Amino acid sequence: MKYRWGKYVALLAAALLLMIGSGCSDMTVLDPKGPVGESQRDLIVFSIIMMLFIVAVVMVALTYILVKFRERPDRGDKDYDPDHEGNTKLEIIWTVVPLIIVTALSVPTVITIFQLEEPPESSSDKEPLVVHATAADWKWFFSYPEQDIETVNYLHIPTDRAIEFRLSSADSMASLWIPALGGQKYNMAGMETKLYLQADEAGTYQGRNSNFTGTGFAEQTFDVHAEPAEEFESWVEETQQNAPELTQSEYDKLLAPGLLEEMEFSSTHLEYVDHGEMDGSDYLIERHQEAFEELPHLEGGRGVGDE
Amino acid sequence: MSAESDLTTGPLEYRSHEDRMTILGFWIFLGAEIALFSTLFATYAVMFGRTAKAPSPAELFELPMVLIMTFLLLTSSFTCGIAIHEMRRGSLKGLLTWLAVTLLLGLGFLGFEIYEFVHYAHEGATLPSSAFWSSFFVLTGTHGLHVLLGISWASLLIVQLRRRGLTQVTSRKMFVVGLYWHFLDVIWIFIFTSVYLIGMVV
Amino acid sequence: MLDFLLNEFLVTGDPLIYGAMVSMVLVSIAIVYVLTYFKKWGYLWREWLTTVDHKKIGIMYIIAAIAMLFRGGVDALLMRTQLTLPGMEFLNSQHYNEIFTTHGTIMIIFMAMPFLIGLMNFVVPLQIGARDVAFPFLNAVSFWSFAIGALLFNLSFVIGGSPDAGWTNYAPMAGPNLNPGPNINYYLIGLQISGIGTLATGINFLATILKMRAPGMTLMRMPIFTWSSLITSLIITFAFPILTVALALMTIDRIFGSQFFTLTGDGMPMMWANLFWLWGHPEVYIVILPAFGIFSEVISTFARKQLFGYKAMVWSMVIIAGLSFVVWVHHFFTMGAGAGVNSFFSITTMLISVPTGVKIFNWLGTMYKGKIRFDTPMLWALGFIPCFVLGGVTGVMLAMAAADYQYHNTYFLVAHFHNVLIAGTVFGCFAGLTFWYPKMFGHKMNETLGKISFWFFLIGFNVCFLPMYFLGFAGMPRRTYSIEPEWMPLNVVSSVGAVLMAVGFAVFVYNIYYSFRYSPRETQGDAWDGRALEWATTTPVPFYNFATVPKVEGPEAYWLMKQKGKTTYDKNNLEPIHMPSDSGVPFIMMAFMFVAGFGLVWEWMIVAIAGLIGVLACMFIRSFDYDHGFHVSVEEIKETEEKARREEK
Ligand code: HEM
Ligand SMILES: [Cu+2]
Ligand SMILES: [Cu+2]
């Protein structure tokens with residue numbers, strides 16, 4: 001028995017090392033590029049340490065007990081106590097210690113939960129940039145109301161400034177997630193949720209819908225271009241000047257279930273409908289109900305393959 | 001099969017262990033029914049106000065009709081109690097009479113409920129009208145279906161009682177139906193207050 | 001007509017599905033042929049389809065659950081294949097979606113629960129010294145409703161198309177606007193039918209355990225598996241009505257046009273998520289508490305010691321049951337309910353880990369100062385402890401809402417719930433089955449094969465699921481059929497693990513056959529030097545379980561009886577035993593229910609109504625049925641017992 005366990009532990013350890021070695025550089029969540037992701041990373045690392053401690057205690061105790069109290073020919077009834085049925089002191093310890101651990105985890109958790117509902121402190125000198133992120137099967141519309149521009153399936157944001165995402169959906173419940181910047185929140189039809197994120201480092205990050213929405217779900221991704229404020233401003237100006245207007249009939253067409261290329265417009269769909277309000281929740285259904293009667297055949301889009 | 005012994009005195013329906021167990025089982029079932037109706041009430045509460053383009057409850061609910069329905073059901077609960085009392089006295093005839101009265105009152109309640117639904121439909125409030133009306137019709141409709149089920153079940157019992165008279169088994173079945181009937185009454189009280197009264201005021 | 005058949009009714013155009021159709025037809029023909037050839041139709045009807053015996057019903061549950069484990073396992077392997085070769089379009093996105101949906105639903109509803117309910121059925125009446133459950137007829141109804149629900153759900157694969165909205169079936173994606181057609185109806189109706197049966201089981205076992213215990217068995221003397229069954233039944237009784245309502249509301253949305261979870265008419269899709277998880281979280285405890293009970297029995301038997309901290313074990317289960325109803329929001333912290341709400345549910349969720357931890361330490365305490373044997377059931381229990389602890393601590397990590405925003409919908413979550421569900425529930429089922437196997441079938445399962453299957457399964461399990469935590473950190477979302485290149489290596493590792501698990505399962509099933517052929521037969525009832533009353537009867541267990549009902553004088557009733565040399569056969573104290581009669585009504589009633597369900601799935605109202613009338617007619621017949629069962633005569637008892645006990649001494 002002893003050898004088998006030993007072998008198993010060694011194997012596990014080897015597998016773990018292999019995994020960590022091969023995967024570490026890509027572990028986006030543990031290597032965030034903004035303050036929101038950082039506070040979540042800190043919480044995660046803290047909890048991992050606490051949890052490893054618990055796992056270690058159980059593993060050591062289990063191994064010790066299995067080795068010491070296994071039946072062996074030479075042992076006889078030594079240390080065998082069939083009527084041993086409890087130990088109040090021990091039982092209190094292993095109730096109270098976990099309670100303390102839970103408390104130790106709860107305090108930073110609650111603090112962080114409240115923090116994340118506000119724009120990050122580090123950029124409190126600037127107003128957050130408001131971006132409406134609207135999901136529809138299976139693409140993303142990003143409207144910049146102050147700039148009066150809209151993009152499809154990609155996003156430009158300035159660095160060192162909080163982004164206030166106003167999330168909603170035209171149909172299925174989606175979830176906006178940019179792991180390099182921080183955690184996700186749901187997009188729902190007929191209501192608006194708010195998510196604050198911020199990039200401190202310029203770069204291109206992966207964003208996606210992480211909540212299953214059916215056929216085109218895997219392709220419902222987008223790139224986030226985080227760039228210094230000046231660059232962002234010049235991108236805005238360029239878009240305002242060069243991109244076409246988004247007419248209502250064009251927008252209605254884009255809403256049909258399917259995939260879309262990256263696009264940009266010099267006006268936003270918010271003039272026609274805000275899916276984040278209750279009246280907006282049946283806007284898409286009224287126009288495209290019959291498109292859902294058949295299983296969609298998906299084509300085009302910025303699919304995973306062509307990155 | 002019994003692990004406890006049978007009794008020779010006390011109410012007929014409680015004498016055998018099997019019967020006591022059935023009655024306990026039925027109480028547990030009522031517990032599950034409470035969970036079921038709580039879920040429906042919660043859904044109704046959440047959907048309250050989500051009337052879309054349909055009329056609001058305050059426009060449609062009418063106190064007199066609801067009062068009549070409440071009166072019918074409450075009275076039927078009372079007569080059901082009398083029926084059980086007659087059963088305990090060993091009077092089959094009394095039991096059958098009062099049970100029949102109970103069922104007639106129940107039928108009256110159902111009649112009014114159907115009339116009410118048809119009336120609302122004429123005014124433009126149907127199951128598909130809006131989330132609110134969906135939850136209204138499903139909550140009250142589920143209760144109504146339960147009443148219908150209770151009536152059918154009790155009718156079967158009337159046949160059995162007439163064939164077999166008051167035995168341990170028939171009196172246990174009768175007792176269980178009685179429990180069920182009172183339970184539906186309690187649910188109605190909640191519907192009356194939290195659906196109709198609040199719906200008329202808000 | 002033909003057009004409808006080919007285009008809508010039958011699922012066409014996919015070799016996988018043609019293969020499934022052909023094999024289903026072939027298997028059906030083979031079964032019919034074998035039954036006819038060996039003239040077994042009568043046997044099947046008399047001994048199984050009409051039985052109300054809790055032992056046979058338990059065995060049928062377990063057989064069906066193993067079949068479902070196979071189906072769910074095939075689904076899993078198909079998914080792993082797709083994720084290992086994402087470029088090959090082995091499955092397209094629609095197929096992938098259908099397969100993970102049926103995988104999840106089948107594993108939870110049609111595998112884990114029936115497996116455990118099957119063990120409960122077989123064991124609980126024996127453990128409390130009863131001759132059957134409180135309502136044997138109802139018990140048969142429960143079983144057939146599960147079987148019919150499972151059949152209907154599985155039929156979707158070849159007729160009409162499988163549900164494809166995930167086992168959580170979230171609105172509005174699964175609602176009438178975005179997903180019309182029969183597929184989601186299969187989910188709703190299949191779960192509804194089997195769910196009602198589960199609810200009946202909950203009520204039945206509550207009454208059984210509260211009312212049918214042998215004299216002297218107070219609540220605090222009950223075996224711990226019985227305790228876990230009692231608490232599970234309590235959770236079932238209060239959680240399943242919520243599922244019933246949720247499913248009904250969505251069915252009404254889809255078939256009758258109501259607006260509960262729709263995008264139109266001011267409907268509120270979020271309400272589905274709330275109702276689903278109000279049932280769903282208690283549900284995960286429904287499938288873990290009985291497993292806890294099994295591990296407690298197994299560990300104390302093979303450590304040959306009394307259970308450590310019995311009272312704490314009981315109370316921790318009670319607390320877990322209570323808390324399980326106030327944590328549901330942790331499944332959608334990301335819905336934006338506000339910081340206060342998320343904080344509250346974070347804390348309640350983390351609190352669940354405290355009683356869970358207490359149980360872990362009590363199992364360790366049970367082995368402390370024991371004399372531990374490593375038979376297969378014990379191996380499953382020992383494998384469970386470290387793997388489940390890992391699942392528990394990652395559960396706590398998920399419970400920290402602020403961090404969960406990063407884990408939610410990722411492979412980290414997938415790894416968590418497999419760590420608890422496989423290492424907890426599946427290991428528990430295997431432990432329980434190998435432990436009680438001799439009682440059920442009169443022989444043990446082969447130890448060597450058992451150990452081989454255990455090690456394959458355990459190592460495969462860890463190789464399969466540990467990498468998923470890292471995939472979660474790398475940003476891989478769940479339910480995706482295509483993956484980024486940087487996720488490839490870990491996905492390949494994971495698939496290797498899946499294959500190892502499949503080998504473990506195959507060896508387990510082969511072991512059933514092998515042991516049937518070659519294992520030595522049990523000559524007495526007490527295969528493992530057991531401690532609770534199920535070991536006090538003979539093997540095979542007579543249909544009336546106990547010739548004389550034992551008097552219970554303390555916890556671990558049979559342990560005490562052995563010390564005092566008592567048995568459950570007191571020759572001079574026999575009385576005729578009253579037993580319930582078999583009945584074909586449950587089976588027929590649920591066959592009608594199948595017709596009704598099928599009609600509802602296709603929205604053929606005439607068929608649905610016809611089926612429902614059949615169901616009502618069966619209830620009618622039952623109401624007028626005054627058959628009170630029969631009595632087993634003292635002579636017959638004597639004969640049975642003498643025969644069973646002859647070889648013992
Ligand atoms: C220590 C106790 C546990 C804690 C603190 C815990 C916590 C959690 C949390 C917070 C989630 C939601 C994560 C998310 O969606 O982002 C979750 C998901 C889940 N847990 Fe646990 N859990 C525990 C034990 C269990 C057990 C014992 C089971 C089942 C046997 C279980 C089964 C599941 C399942 C099936 C899901 C995911 C369902 C889905 O989204 O498809 N958990 N758990
Ligand atoms: Cu919402
Ligand atoms: Cu949960």
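Chain B exposes about 8,500 Å², and carbon and sulfur atoms supply 70% of that. Areas here are Shrake-Rupley values with a 1.4 Å probe; for residues, only the protein chains shown count as cover. This is a predicted model: local features need pLDDT of at least 70, side-chain atom pairs count only at pLDDT 80 or more, and totals for chains, interfaces and linings use all residues. Side-chain values use heavy atoms, without hydrogens or water, residues are numbered from 1 along each chain as its sequence is written, and chains are lettered from A and ligands numbered from 1 in written order.

Staying with chain B: 55% of its 202 residues count as buried. Buried means under 20% relative accessible area, exposed over 50%, partly exposed in between (1.4 Å probe, protein chains only). Chain B has six helices and zero strands. Helices are DSSP runs of H or I, at least four residues; strands are E runs of at least two; numbering starts at the N terminus.

Now the metals. Which residues donate to the copper ion, ligand 2? M188(A), M191(A) and M270(C), each through SD, at 1.9 to 2.5 Å. Donors are N, O and S atoms within 2.8 Å of the metal (3.2 Å for Na, K and Ca); water is not among the atoms, so sites may look incomplete. M188(A) is buried at 5%, while M191(A) is partly exposed at 25%.

Next, the iron atom of ligand 1. Its only protein donor is H416(C), through NE2, at 2.2 Å. H416(C) lies in helix α15 of chain C, residues 411–441. The copper ion, ligand 3, is 4.7 Å from that iron.
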